[in-house]
Amino acid sequence: MKQKPTRSLFALGLIVLPLLLAVAGPFVAGPPGPRSVSFASGAGHWLGTDFSGRDVAHQVLLGGRSVVLVALAATALAYLVAVPLGLTAALTRRTWLEEALMRPLDVVIAVPSLLLVLLVAATLTPGPAGLTVLVGLAAVPDAARVVHAAAVEVSSRPAVEALRMQGESWWRTAIGYVARSMRRTLAADAGIRLTGALYLVATAAFLGVGVQPDAADWAVMVDRNRTGLFLQPWAVVVPALLIAALSMGTNLLFDAALQRHKTPKGARR
């Protein structure tokens with residue numbers, strides 16, 4: 001008898017609504033209605049309005065795309081840079097090259113990611129595309145170290161030495177064998193990296209980096225309406241819960257997938 005996938009179902013339940021709102025919300029939101037300062041729900045406003053008269057439900061429908069898409073794109077960008085960097089450092093036989101690739105990352109890791117984003121944004125004032133690049137590059141050092149550590153362990157196997165003796169190309173050795181052998185490690189790290197990207201993007205938007213102060217964005221909604229939390233709680237609680245549910249659900253979903261692949265078939269009884 002197979003074990004019930006309780007964790008997977010719970011994780012899916014957490015992320016379905018935020019993802020659905022992020023993808024389909026802008027298509028069903030429609031044009032904004034007339035502004036009306038009525039904090040209570042009703043009168044065409046399911047969640048009431050914020051302090052400037054904007055419909056909270058309409059803002060929630062529009063506000064997820066920027067957070068989710070930027071976090072996903074930043075995570076993908078981080079791995080596009082970190083995987084080749086970590087594999088090259090792990091598979092090279094030149095110690096100086098490995099040190100030259102990995103030691104500068106230790107310096108960058110010493111600087112908190114949020115501080116790094118704020119320092120760069122203070123001079124460049126990035127938009128959503130710039131914020132994606134900043135968040136993605138800020139995640140590269142940690143991701144590259146994980147890739148490097150996992151690749152070093154795999155590269156010490158006899159199979160890698162056999163591939164080298166056969167004259168196989170670097171691409172086939174690094175991607176065809178080493179990267180495939182550490183895909184579970186990368187999958188586990190991807191959940192953490194995506195959660196970190198969500199946190200960093202939301203925090204940057206909360207501080208006004210990369211988005212306009214009046215933008216329809218979940219993090220901006222929290223910042224814009226936090227002073228009136230007790231007058232209009234939905235404008236703060238709903239977007240904050242959506243961000244938290246997406247972050248928690250992503251981690252749980254990756255963990256559940258890894259546990260399912262890790263457990264032997266004979267043990268699922």
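1. Angles under 35 degrees count as roughly parallel, over 145 as roughly antiparallel, 65 to 115 as roughly perpendicular, and the rest as oblique. Helix α2 (residues 56-91) and helix α3 (residues 95-109) pack at an angle of about 135°, and α2 and α3 are therefore oblique to each other. Their axes are 8 Å apart; axes are lines fitted to C-alpha atoms, for helices over the stretch in contact, and angles run from 0 to 180 degrees between N-to-C directions.

2. The model is a predicted one, in which local features need pLDDT of at least 70 and side-chain atom pairs count only at pLDDT 80 or more, while totals for chains, interfaces and linings use all residues. Residues are numbered from 1 along each chain as its sequence is written, and side-chain values use heavy atoms, with hydrogens and water left out.

3. On the overall fold, the chain has 10 helices and zero strands. Helices (H or I, at least four residues) and strands (E, at least two) are DSSP runs, numbered from the N terminus. Along the sequence the pattern reads α-α-α-α-α-α-α-α-α-α. Of the 269 residues of the chain, 41% count as buried, where buried means under 20% relative accessible area, exposed over 50%, and partly exposed in between (1.4 Å probe, protein chains only). Among contacts between residues at least 6 apart in sequence, 72% join residues at least 24 apart; contact means heavy atoms within 4.5 Å.

4. A crossing is left-handed if the near helix is turned anticlockwise from the far one by less than a right angle, and right-handed if clockwise. Helix α2 contributes Leu85, Thr88 and Ala89 to the contact, and α3 contributes Glu98, Leu101, Met102 and Leu105. By class, the contact of α2 with α3 has five nonpolar, one polar and one charged residues. Here Ala, Val, Leu, Ile, Met, Phe, Trp, Tyr, Cys and Pro count as nonpolar, Asp, Glu, Lys and Arg as charged, and the others, Gly among them, as polar.

5. Helix α3 also packs on helix α5: their axes come within 9 Å and cross at roughly 135°, so α3 and α5 are oblique to each other. The crossing of α3 and α5 is left-handed. From α3 the contact uses Glu98, Met102, Leu105, Asp106, Val108 and Ile109, and from α5 it uses Pro141, Asp142, Ala144, Arg145 and His148. The classes in the contact of α3 with α5 are six nonpolar, one polar and four charged residues.

6. Helix α5 (residues 128-155) meets α2 as well, with axes that come within 5 Å and cross at roughly 35°. This crossing of α2 and α5 is right-handed. The contact of α2 with α5 has 25 nonpolar, five polar and no charged residues.

7. Alanine 74 is found in helix α2 and, at 1% relative accessibility, counts as buried. Leaving aside neighbours within four places in sequence, alanine 74 is in contact with Thr132, Val135 and Gly136. Alanine 74 and leucine 137 are 63 residues apart in sequence, yet 7.8 Å apart in space, C-alpha to C-alpha.

8. Aspartate 189 lies in helix α8 (residues 183-206) and is buried, with a relative accessible area of 6%. The aspartate 189 side chain makes a polar contact with the side chain of tyrosine 79 (2.4 Å) and another with the side chain of arginine 193 (2.4 Å). A polar contact is a pair of N or O atoms within 3.5 Å; within protein, one must be able to donate a hydrogen and the other to accept it, and residues adjacent in sequence count only if both atoms are side-chain atoms. With neighbours within four places in sequence set aside, aspartate 189 is in contact with Tyr79, Ala143 and Val146.

9. Helix α9 (residues 218-225) is largely enclosed by the rest of the structure, because seven of its eight residues are buried. The buried residues of α9 are Trp218, Ala219, Val220, Met221, Val222, Arg224 and Asn225. Aspartate 217 caps the N-terminal end of α9, with a side-chain oxygen 2.9 Å from the backbone nitrogen of alanine 219.

10. Glycine 249 is found in helix α10 (residues 234-262) and counts as buried at 0% relative accessibility. Apart from neighbours within four places in sequence, glycine 249 is in contact with Ala11, Leu14 and Ile15. Glycine 249 and arginine 7 are 242 residues apart in sequence and 9.5 Å apart in space, C-alpha to C-alpha.
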